[in-house]
Every structure is written in structure tokens, then in C-alpha cells.
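Hi,

Here is the model I promised to pass on.

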Amino acid sequence: MMKRILLFTSMIWIVATSVKGQTDTLPSGVYNPDRVKPRSSTGVQAKPKVQGSTTDLAGFSYHTSTLPPGKINHPPRALPNREELIVVKEGQLQITINDSSKVLGPGSIALIVAGDKQSFQNVSDKPVTYYVLGFTSKAPVNIPRGVAGGGSLMKDWTELPVKKTSKGESRPVFDRPSSMFPRFEVHATMLNAGEESHAPHTHRAEEVMLLMQGSVTMNIASVSSKAVAGDAILVRPDVPHNLKNTGNEPCWYYAIKWFHASN
């Protein structure tokens, strides 16, 4: 119990100071922007955001956005030193990257590499909500590598190939170089009720799990924490971890790993 209290207190302190504009290191743990105090800029209330740095990231951020029917998030613009993963929570979101547009439904995902112009629009008659995960590597950005690796992509949930497993299902998304990383890998995992992801293990690559559905118990360095849909679980290098579906229904999440040159 004392370990849980210390971990929770550490997470709250770091996230709270980061939203004040300081640069702080994010420890392994369970994060949700809805539990972070919103930032303010020039007196205007901004959306809550988890943000900070990690072993291999100069900046990591996570927030949710909601667009009313017919609205766009902003005119097309490029981010020169940041990659983003966009994951649709609910509704229909039209994503435009450079000259390509695609409407993505719930569970769908897009990778936007550094230097590509982006803009989003709600083309439906109902609100659309999506998750935004941002990555800035401590290594220099390499836009040509991102282009050679395949560039930005948009994949609807219904397009992802399904592989049945003894515990549920797995869906590969991509595994390739990007403008931020020598290797960037994302896949989706579905676990039946009562199943564990795997035995506790470690790896050098950092990882985020974005829980899209269900509830799980996340075990990190012998500390157990509950996580529910909308939570992002950060695991730092070489930290023992695994998770278990402790709900009554299947859970599913995106597993996101970025690999440093020495990984």
C-alpha cells in the first residue's frame, strides 16, 4: 500500500508541475488528462494535458479533443519536430495529411510524421472525440528517414488485419522507421476477461499502452494500479510490467513502442 501511495504521489507532482510549463520526467504509471488540472494561457482556459519527458523523449504529451459537427481543429499546418498518433475514440473524423484525406471511425489510428501538414474535420452530424499522443525524440529529427519509412498513414479500425490468439486477438498497425525513431511500432491487443498480457517482463524500449475499452490491473515494478478506458500507461526502460484484464468483458488497447538507436 505504501508503494502505491508513493507512486501515485510522484505521478501527481510531476504532472502538476509539467502543466505549469516546467520540464519534468514522467515516471512509469497510469495517466489520464481528465485527472490533470487544465493549463491556462493568457487568461484562456486550455484543455488538460499530460506532458513531460522520458529516457528517450524530450517531450511526450497526451490529451483528448472533441470537435462539434462540421468544425475543423485548425487550418493545415506542419509540426517540424514532433510526431503525433491520432486515435479516434468516438464519432467520424476526417483527417487530412498533405493532399490526402480519409474519414476514420472509432478505434482508427493515424501516424503524422514531422513536416507533414495536417488538419482534422468532423464531417458528421454528431460530436467526434479523439486522442492525441505527441512524441519528440531526444535524438535529432530525421524527416528523410520518415519519408523513406513510408511517411504518414491513416488506418481505419476495420482495415486492420486480425490475428486470433489463445487469449483474444492481435492487430498489427505498423513497425518501421519514422522521423522521430529508428524504429516505431504499434499494434492493438484484445484480451478476454481474466487473461494476462504476458508474464512480467522487461525491455529497453519505452512503451505506452492506450486503453481503449475495458478495465485492467497494471503491474509495474511490483506495484498494481487500476486502469480504465482512456488511460495511457507509460512503462520506462527495463521496468518489469504486465497487465491483466480484471473486467467482465474483453478489453483492448494500443501498444506503442519507440526504439532508440541502441535498442
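**Strands and sheet**

Strand S5 (residues 57–67) and strand S12 (residues 128–137) run antiparallel and are joined by 10 bridges. Strands here are DSSP runs (E, at least two residues), numbered from the N terminus, and two strands count as paired if DSSP finds at least two bridges between them. One of the bridges links Ser65 to Tyr130 in S12.

Before going further, the ground rules: this is a predicted model, where local features need pLDDT of at least 70, side-chain atom pairs count only at pLDDT 80 or more, and totals for chains, interfaces and linings use all residues. Residues are numbered from 1 along each chain as its sequence is written, and side-chain values use heavy atoms, with hydrogens and water left out.

Back to the sheet. It is open and antiparallel, with 6 strands in the order S4-S5-S12-S7-S10-S13. At its edges stand S4 (50–52) and S13 (153–155), each with a single partner strand, so one side of each has no neighbour in the sheet. On average, neighbouring strands of this sheet are turned by 15° against each other, direction ignored (axes are lines fitted to C-alpha atoms, for helices over the stretch in contact, and angles run from 0 to 180 degrees between N-to-C directions).

**Aromatics**

There are 13 aromatic pairs in the structure (rings of Phe, Tyr and Trp, the last by its six-membered ring, with centres within 6.5 Å; planes under 30 degrees apart are stacked, over 60 edge-to-face, the rest tilted). Take Phe135 and Phe184: their ring centres are 5.4 Å apart and their planes at 70°, so this pair is edge-to-face. Because Phe135 sits in S12 and Phe184 in S16, the pair ties together parts that are 49 residues apart in sequence. Phe135 is buried at 0% relative accessibility, and Phe184 is buried at 0% as well (buried is under 20% relative accessible area, exposed over 50%, partly exposed in between, with a 1.4 Å probe and protein chains only).

Both rings belong to one aromatic cluster, made up of Phe60, Phe135, Phe174, Phe181, Phe184 and Trp258. Arg176 lies over the face of Phe174, 5.8 Å from the ring centre, and the charged end of Arg183 sits over the ring of Phe259 at 4.1 Å from its centre. For that label, NZ of Lys or CZ of Arg must be within 6 Å of the ring centre and within 35 degrees of the ring normal.

Val186 is in strand S16 (residues 183–191) and is buried, with a relative accessible area of 1%. Leaving aside neighbours within four places in sequence, its contacts (heavy atoms within 4.5 Å) include Phe174, Leu85 and Tyr254.

His241, in strand S21 (residues 241–245), is buried at 1% relative accessibility. Its side chain makes a polar contact with the side chain of His203 at 3.3 Å (a pair of N or O atoms within 3.5 Å; within protein, one must be able to donate a hydrogen and the other to accept it, and residues adjacent in sequence count only if both atoms are side-chain atoms). Not counting residues up to four places away in sequence, His241 also touches His198, His201 and Glu207, among others.

Most residues other than glycine have a negative phi. Asn98 has a positive one of about 55°, in the loop between S8 (93–97) and S9 (100–104). Ala221 has a positive phi of about 50° and lies in the loop between S18 (215–220) and S19 (223–228).

Cheers

Note on methods: Helix = DSSP H or I, 4+ residues; strand = E, 2+ residues; numbered from the N terminus.
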